[in-house]
Amino acid sequence: MADFLSALSQIFTLSTLIYMLAGSVAGIVAAAIPGFTVTMAIVLTLPLTFSMEPLQGIAVMLSVYVGGYTGGLISAALLGIPGTPSSVATTFDAFPMARNGEPGRALSLGVWASFFGTIISTIVLIVAAPPLAIFAVKLGPWEYFSLIVFALTIVASLVGDSVIRGLLAGLIGLALSTVGTDPIMGRPRFDFGIEMLQSGLPFLVVLIGIFAISQLVSEVEDVKSVRSGNSLVTGAIDFQTWKVMREVLMSPVNLLRSSMIGVLIGALPGAGGSIANLLAYDQAKRASKTPDEFGKGIPDGIVASESGNSATAGGGLIPMIGLGIPGSAVDAILMASLMVHGISVGPRLVMDHGDLVYGMFIAMAVASLMMLLVSVLSMRLFLRVAEVPKWLIVPAVMTCCVVGSFALNNRVTDLYLLGFIGVAGYMLRALKYSLAPLVLGVILGPIAETNLRRALMTDDDPTLFLSRPISLIFLIAAVFSIAWAVRGHLKSRKTKKNTDATAP
């Protein structure tokens, strides 16, 4: 009790709350700019916390963390471009809803889903951190590979109108993930002697090129539309905050399921919000009574994707607090900030620095409230983006994309890659290929390959993938996932045929 009260008194000081508010704003703005990730925002914040007390510094960084997971929603909904890798699935329904004249509703749904997802993950973090951390650390490369195989079955739900095109896009993504240096042996491969391919294709560059550049180019295809001053989306600047909150709460099963997926994925070291975002969306689509409405602007899609990715913030702290193992790159930076202050992060953190741990719990809740406050108060300002004409917004966003791609590694060659990938993405979009499976392949490919090779290098017996219980569960889930997706596609095709047959 003394540790809790001590943490409470440290968080609820005027200076800490002001710093946290600034961190929340910084996280939202940084993530809203295509190309600037949550990790980059945290890295820039780290040096500013060195002069602060340990708990104050961690609280500020958690505010940036929570705000960043929400900020990616803004460009996803208003521009059709995921601001961060963890908002890829958000674009599937948020942008169509905004295009249908409801940009305020799309943003509000995402903000409230993010808020509730963070709160749920914080509750789980407080209650179940030790047992979940022990479970997460017991997963070996066999379990991780099987988990990624299960995650790859999401491709079956994201293929769009054509199963063949969708699967081809997924294979292209997996192929792109193999370009560059071998992750285990460090040998170059598939670079064809081209210098800029030797270091591989940075995921962020691929994401920006595939989604952002191709989307922006497609927006300026119609010259008359550009010259007439049309905007990307149309609709009233109206977001009806409390009405949308009730709408989110009216789908408690979807909200809880997606948040728990985010917590579990966040608790697995190295998984991250991008996987949780897509997996939560996939499960919401499978459980829906109207799966055909997904991708056309359905609220459930926005709620699932945003609550799923935001819940990874609390989930990622579980192995860090319980075992001293970072769940993501951001958690590794949080650990580094504690080590700078001489605090050893590990299993004894709860016993030796109870006030710090309680302070992190409180900071997560306060940060989510601040994110909600900042988002609601500034939403009208963000929605003004919807009124900016194409001839102005397209070059401005394109500039942000170029700067973000260059800032990743400070390499000019990344800009060449961005151009080539952008052209390829535009061509695939024009040929009616679904881009989501391609990005999924790029995200999951390296993780799957690394864990497969680690498993076989540890023990070359392939039956271990089936004999280890957790690994087997994931593989069985993958089989059921594929069977369910095939059933859904066959049912959809049959319904379409019956509709065509009865049409006059």
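Q: Hey, Met320 first: is that residue buried or exposed?
A: Met320 is buried, because its relative accessible area is 0% and the cut-off for buried is under 20%. Keep in mind that this is a predicted model.

Q: Got it. Which helix does Met320 lie in?
A: Met320 lies in helix 14, which covers residues 299-323.

Q: And how far is Met320 from Leu334?
A: Their C-alpha atoms are separated by 9.1 Å, and the two residues are 14 apart along the chain.

Q: Let's zoom out. How many helices and strands are there in the protein?
A: The protein has 22 helices and 2 strands.

Q: What share of the residues is buried?
A: Of the 504 residues in the protein, 55% are buried.

Q: What about contacts between residues that are apart in sequence?
A: Take the contacts between residues at least 6 apart in sequence: 80% of them join residues at least 24 apart.

Q: Okay, new topic: helix 2 and helix 4. How do their axes cross?
A: The axes of helix 2 (residues 14-32) and helix 4 (residues 54-78) come within 6 Å and cross at roughly 30°. Helix 2 is therefore roughly parallel to helix 4, since angles under 35 degrees count that way.

Q: Is that crossing left-handed or right-handed?
A: Helix 2 passes helix 4 in a right-handed crossing.

Q: Which residues make the contact?
A: From helix 2, they include Ser15, Tyr19, Gly23, Gly27 and Ala31. From helix 4, Gln56, Val60, Gly67, Gly71 and Ser75 are among them. By class, the contact of helix 2 with helix 4 has 9 nonpolar, 12 polar and no charged residues.

Q: Nice. What about helix 5 and helix 9, how do they cross?
A: The axes of helix 5 (residues 90-99) and helix 9 come within 15 Å and cross at roughly 20°. That angle makes helix 5 roughly parallel to helix 9, and their crossing is right-handed.

Q: Which residues meet there?
A: Thr91, Phe95 and Arg99 of helix 5 meet Phe211, Gln215 and Glu219 of helix 9. The contact of helix 5 with helix 9 divides into 2 nonpolar, 2 polar and 2 charged residues.

Q: Is Phe192 buried or exposed?
A: Phe192 is exposed, because its relative accessible area is 67% and the cut-off for exposed is over 50%.

Q: And where is Lys432?
A: Lys432 is in the loop between helix 19 (413-430) and helix 20 (436-458). Phi of Lys432 is near 70°, also a positive value in a residue other than glycine. At 64% relative accessibility, Lys432 counts as exposed.

Q: Last topic, helix 13. What length does it reach?
A: Helix 13 (residues 273-287) has 15 residues and reaches 21 Å from its first C-alpha to its last, close to the 21 Å expected at 1.5 Å a residue.

Q: How many of the residues in helix 13 are buried?
A: Helix 13 is mostly covered, with 12 of its 15 residues buried. Among them are Gly273, Leu278, Tyr281, Asp282 and Arg286.

Q: And what should helix 12 span?
A: Helix 12 (residues 252-267) has 16 residues, so at 1.5 Å a residue it should span 22 Å. Its end C-alpha atoms are 22 Å apart, which agrees. The buried residues of helix 12 include Asn254, Leu255, Ile261 and Val263.

Terms used. Residues numbered from 1 in each chain as written. Predicted model: local features only at pLDDT ≥ 70, side-chain atom pairs only at ≥ 80, totals over all residues. Heavy atoms only, no water. Helix = DSSP H or I, 4+ residues; strand = E, 2+ residues; numbered from the N terminus. Expected span 1.5 Å × (residues − 1). Buried < 20%, exposed > 50% of the residue type's maximum accessible area, 1.4 Å probe, protein only. Axes fitted to C-alpha atoms, helices over the stretch in contact; angles between N-to-C directions. Parallel < 35°, antiparallel > 145°, perpendicular 65-115°, else oblique. Left-handed = near helix turned anticlockwise from the far one by under 90°. Contact = heavy atoms within 4.5 Å. Nonpolar A, V, L, I, M, F, W, Y, C, P; charged D, E, K, R; others polar.
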